Amino acid sequence: MNIWIDLTNSPHVNFFAGMIRELRQGHEVLLTCRPLANTIELLDIHTLPYHIVGKHYGKSIAQKAVGFVLRIFQLLVFLRRKKIDVAISHSSFYSPVVARLLGIRSIYLNDNEHAEGNRVSFIFADKIMVPEFVALKKIQKQWAGAEKIVQYPGVKEGIYLWDYKPSISDSFEVDDIEHKKIIFIRPEPWTAQYYQGETNFIDTLLIDLKDRFKIVLLPRGRVQERYYRQEKFAGITVPEKTISLTDIMENCDFFIGAGGTMTREAAVLGIPTISIYQDKLLDVDNFLIEKKSMIHKKKLDVEFVVNFLEDRGKRPPDKELLDKGKEAYELIKKTLLTNLIV
């Protein structure tokens, strides 16, 4: 059978990588993507073959609307002779629409109840899969039919972290001759439609932290990379290349995230984690905060970081969420392959 997966942002690569390898043992899997954030680099790290179709067209509503229609057309042209049987994606607003136009079934996964693009995806998708901690009333307000919705156990990150194997490659090494605590920081998503919070709000924090800790900043693409290479951030490590999830997590003593997925990955794996996300939190974030897997603090200073690190050390990965993640993985795979034989 021919399965199409559209990867439109960095987190989707780690999410699907293990499943893609397993599916390819008995099926053809075609990957499309767009060059947004670290998507292409992560596909190369995982050595997954892919086809670039379209690009990210900008943050404004007008740019996104035009880009949405254009990329749908580009995907239709690319896929029309590929004999696809079923489509599956995470947060690709294009996939359910293109699948419907091609006359094939689609599965749409999402854990962000604030993303406006969900509305069109929910209308066109045949199955909608969301975490058990997302309030169904929020999904249904975005035009998701109750008969389409499947809730999976745990959080999105557990779906691939259940198979996480600690390792450090030779491709990335933190130069830490002073043996300081290593803090990884992920900035906010500047171009995301769903993000309406502040930008560049961590500049002062970075400058204050860099003399006390070893700071590794993980940019979301070349624009952020150039910004954080300014002289005022001298002493902060900004990797020249995208680095793997295992290299991040195994080198990390403490994680500060102004986004979502990577922050939750660190929290699930037991790394001391603070979310400094400046917009409305997702239901899955609130769940992890209530579970004390991470904390949320919009205004962060050096003193708080020092005290937090003194009180909180690394813990084992969250076995409950990893076990649920494996259940969710099997449920997604079953839902996908059941659709293949309908």
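Start by selecting Asp6 and Arg71: their side chains meet in a salt bridge, 2.9 Å from N to O (a salt bridge being a side-chain nitrogen of Lys or Arg within 4 Å of a carboxyl oxygen of Asp or Glu). This pair joins distant parts of the chain, with Asp6 in strand 1 (residues 2–7) and Arg71 in helix 3 (residues 61–79), 65 residues apart. Helices (H or I, at least four residues) and strands (E, at least two) are DSSP runs numbered from the N terminus. Asp6 and Arg71 are both buried, where buried means under 20% relative accessible area, exposed over 50%, and partly exposed in between (1.4 Å probe, protein chains only).

A word on what is on your screen: this is a predicted model, in which local features need pLDDT of at least 70 and side-chain atom pairs count only at pLDDT 80 or more, while totals for chains, interfaces and linings use all residues. Residues are numbered from 1 along each chain as its sequence is written, and side-chain values use heavy atoms, with hydrogens and water left out.

Next, pick Lys324 and Glu132, which form a salt bridge whose closest N and O atoms are 2.9 Å apart. Lys324 belongs to helix 14 (residues 319–341), and Glu132 sits in the loop between strand 6 (127–131) and helix 6 (136–141), 192 residues apart. Glu132 is partly exposed, at 31% relative accessible area.

Now move to Glu198 and Lys299, whose side chains meet in a salt bridge (3.4 Å, N to O). Glu198 is in the loop between strand 8 (182–186) and helix 8, and Lys299 in the loop between strand 12 and helix 13 (302–311), so the pair ties together parts 101 residues apart in sequence.

For a network of salt bridges, select Asp111, Lys156, Glu157, Arg264 and Asp285 together. The whole structure holds 21 salt bridges.

Switch to cartoon view and find the open sheet of five strands, ordered 9-8-10-11-12 with parallel pairing; two strands pair if DSSP finds at least two bridges between them. Its edge strands are strand 9 (214–217) and strand 12 (295–296), each pairing on one side only. Then zoom in on strand 10 (residues 254–257) and strand 11 (residues 273–275), which pair in the parallel sense over three bridges. Ile256 has Ile274 in strand 11 as its bridge partner.
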